[in-house]
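Student: Could we take a close look at one part of this model together? I would like to follow the geometry step by step.

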Amino acid sequence: MLNIVVLVKQVPNTTQVKIDPVTNNLVREGVPSIVNPYDMYAIEEALLLKEKFGGKVSILSMGPAQAKEVIKYAMAMGADDGILLSDRAFAGSDTLATSYTLSAALSKMGKADLVLCGKQAADGDTAQVPAELAEYLGMGCITYVSKICDIADGKITVERTLDFAEAKAEVSMPAVLTLNKGINEPRLPRLKDMVKAMYMSIQVLKSNDLTLDEKRISLSGSPTQVMKVFSPERKKSGYVLNGSSDEQVSALVGELIKREII
Amino acid sequence: MSVISDVIIIGAGSSGSAVAYYLAKKGVKNIVVLEKLGMGSGATGHAAGLIRHHYPDRNLVKMVRYCSQKFIDFKEEMGFNIDYVRNDFCYLTPAGQKGIEDIIEMQRSEGVNVELLTPAQVAHIHPKGEINTDGIGYGLLDHDGGYADPYKVAVGYCERAKQLGVEIKIGVEVLDFVVDSGKVTKVITNKGDFSAGLVINAAGLGASKLNSLLGITLPVKNFSLGHGVLIPDITFEPDILTINDASQEEYLFFLRPESGGTALIGMDQDDPNREFNPDTYYMDVPFNKIGKYYEHIVKRLPFAAGFKLSTAFGALDVKTPDWNPGIGFLEGAPENYYQIVAGSGHSFKLAPVFGKVVAEQILGENQSFDFSVFDINRLSKFSDDDFGGSFFINE
C-alpha cells in the first residue's frame, strides 16, 4: 500500500500569458488554467503505482481558488482526494517560500511514502520546488526520473534520463521524485469520471490551518526577487508560401527537409 | 497603400466567403475580402457543422433543403472536399411542446424525409444503446441530416472565389471607416486604406464592433458554446445518427460522430448572463460549468458514460432576439454598407443560400428565396429585453 501525494500546479494555458508591466508578475486573471503539462505524468504515474501496489493518491496544490479546476481534473483522472493551499497570506511566494508552505501541508497530511512531481512547471521553469521540499521534509529526492523500476524493502529504484547521461538510482522511502515527460501516457477522463469528480470535495487550507513561521512564507519569506520579466523580442524573418495548397505543402515540406527538421 | 475595388467583404467566414464566390460567379469584378485572422478562423471554424432540417418556418425549411443538397454536391461543384457525411439526425423535443405534428406535416410537404417518434421508439433508435427518454415529448428523425466541416466550406468558397479573380487578403484588420455624404468612402486597415462602391460587413463575431465604428447598434449578443471531442470506448461509425437533445432547456446538447471514430458533443451557452468579447475570450471551458452537462448527457445516453474526454473548447456564437441573423442594408446606415450580422456559426448550414441570395439582392435580381425573415431592419424593433429562449427551441 502506497500513500502517494502528487504536487500539481495550475499554469496559464496557451500563449496568452501576459506580464504586468508594473509588477513584472504573470497576469493570471482571465487566463484559462490547465494542469501543468509535466504534472500530468506525475498524476498518471501515481495512478499506475496505486493500481499495482494499492494505496491512495492525493493531490496537493497551492494557488488561487480557481486552482480547484486542475485538482478536479486530477480527480477525474482517478485521484482519491485533493488539498488546495489558498490564502492571500501565501501571495508572492518564490520557490523557497512555496516549498516551505507545501512542506507544512505535507506534514499535516501525515505520512506520505512518495511525493511525485512533474520535472518543472511550464510557466516558471525553475524545477526547484521538489528538491527544496525534500530538504524541508528530510526526504531523499531523485529528479528527472524516466522509469520507476521497482519498489521493494522500503526502497525505490529508478532510471534517470539527463541531457547527456542515463543513470540508475535508488532512494529510501519516503522520497520525492520528479518525473520526465514521456514516462507514461496520461489517461483521459471519461464522462462518468468527470461527473464523479464534480461531486468530490476539495479541502482548502489557509495559513492558520498550518504550523508556519510567518517570516518564511509569502513575499517576506522569498529571497528571490524577479528583476524583470519580459516577452522576448519577436524576430521577423518569416515569409509566405504562395500557390495552390499542393504547391504550398510541397514548398513547406521541401523547406523542412532542407533545414533538416524532418 | 490604397486599393480601390468594386466590393469589399470584411470577413472570410462561411458567410463572407460564400458571398464572395456567388458575386464573382455572377461576374462582379474587383472583389476584395479582408480577413483579420484566417479563413473560417472565427465562429465558422468552431461551429459544429450540423446539417438538419428541423425548422418551424416553411421558408427556412426550403432554404436548408436547398443548402443540404449544395453540401452534398459541394465537392463536385466547387472541387473541394468539405468532409460531408450523411447521417440520421434525431431531435428530441420537450414533453408537452405543442404544434410538433403540424411542423412535421409542413416539413414533409417540403420534401423532408422526417419521422415522428414516440418516446418508446426513441429509446431504441440509437444502435449503440438505449436512450433514457425522461422528459422527452417526441423524437424527430430527419433522414436527410448530415454534417460537414464548416472551416472547409469557408476555404472551399474562398478557393473557388480566388479562381474567379477575388482577392482574399489575410491578416488585414479593419480599424475604421471614413464616411462621406452618407457613404463609406474608405475602409482603414492595418495594411492601408481600401475603398469600394460597396462594403459588406460579414465579420461574424466582430460585426458589432465594426458597426460601432459607424455608430450602429443592433440587438445582438455574443454567447458561448462548449464543445468537446470524445474518444468512444466502443466503435463509433461516422454515419451513426446524431442526437440533438432539446428536451431540457438548461441542458441542450448534441452528440454526433466525428472523423476517426471519435465523437463531438456540443452544449449550449454556459452562462446566459455573461457577455463575451471575441477579442478577449479564451477558447476553454471551465470544469465546473460543464460537469452538470456531462451528468445530463450520461443520464440521457448511458452508452456514452465511458467515452473519454479528449479536448474541450469553447466557441462563440452571436444571437438576435428571434435567433435569426440580420441581412441587408440598414435604414440610417451608410447606403453602400451591407450587413450580415449574427449568423455566426449556427447559420453555417445556410451559407450557400446566404451567398446566392445576398448576391441576387445586391445585384437587384429576383431573389431565389424569401429573405424577409432575415431583414436587418426588423432588428430595430427589438430591445435587449427581448432576448430569451434558446436557439434550439425558438429558432
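In what order do the 9 strands of the open sheet in chain A run, and what kind of pairing do they show? Please tell me about the helices beside that sheet too.

Tutor: Happy to! This is a predicted model, where local features need pLDDT of at least 70, side-chain atom pairs count only at pLDDT 80 or more, and totals for chains, interfaces and linings use all residues. Residues are numbered from 1 along each chain as its sequence is written, while chains are lettered from A and ligands numbered from 1 in the order in which they are written.

The open sheet of chain A has the order S11-S10-S9-S12-S8-S1-S6-S7-S13, with mixed pairing. Helices (H or I, at least four residues) and strands (E, at least two) are DSSP runs, numbered from the N terminus; two strands pair if DSSP finds at least two bridges between them. At the edges are strand S11 (166-172) and strand S13 (202-205) of chain A, each of which pairs on one side only. On average, neighbouring strands of this sheet are turned by 35 degrees against each other, direction ignored.

Within the sheet, strand S9 (residues 140-152) and strand S10 (residues 155-161) of chain A are antiparallel partners over 6 bridges. Here Ile148(A) stands opposite Val158(A) in S10(A).

Now the helices. Helix H2 (residues 68-77) of chain A packs on the sheet and touches strand S1 (2-7), strand S6 (55-62), strand S7 (81-85) and S13 of chain A; contact means that C-beta atoms, placed from the backbone, lie within 7 Å. The direction of H2 makes about 165 degrees with that of S7(A). Axes are lines fitted to C-alpha atoms, for helices over the stretch in contact, and angles run from 0 to 180 degrees between N-to-C directions. H4(A), in turn, lies across strand S8 (114-118), S9 and strand S12 (175-179) of chain A, at about 70 degrees to S9(A).

H4(A) (residues 129-137) also packs with helix H3 (residues 95-109) of chain A, at an angle of about 50 degrees and with the axes 8 Å apart. H3(A) and H4(A) are therefore oblique to each other (under 35 degrees is roughly parallel, over 145 roughly antiparallel, 65 to 115 roughly perpendicular and the rest oblique). Among the contact residues are Leu102(A) and Leu106(A) of H3(A), and Leu133(A) and Tyr136(A) of H4(A). The residues of this contact divide into 8 nonpolar, 4 polar and 1 charged, where Ala, Val, Leu, Ile, Met, Phe, Trp, Tyr, Cys and Pro count as nonpolar, Asp, Glu, Lys and Arg as charged, and the others, Gly among them, as polar.

Conventions: Two residues are in contact if their C-beta atoms, placed from the backbone, lie within 7 Å.
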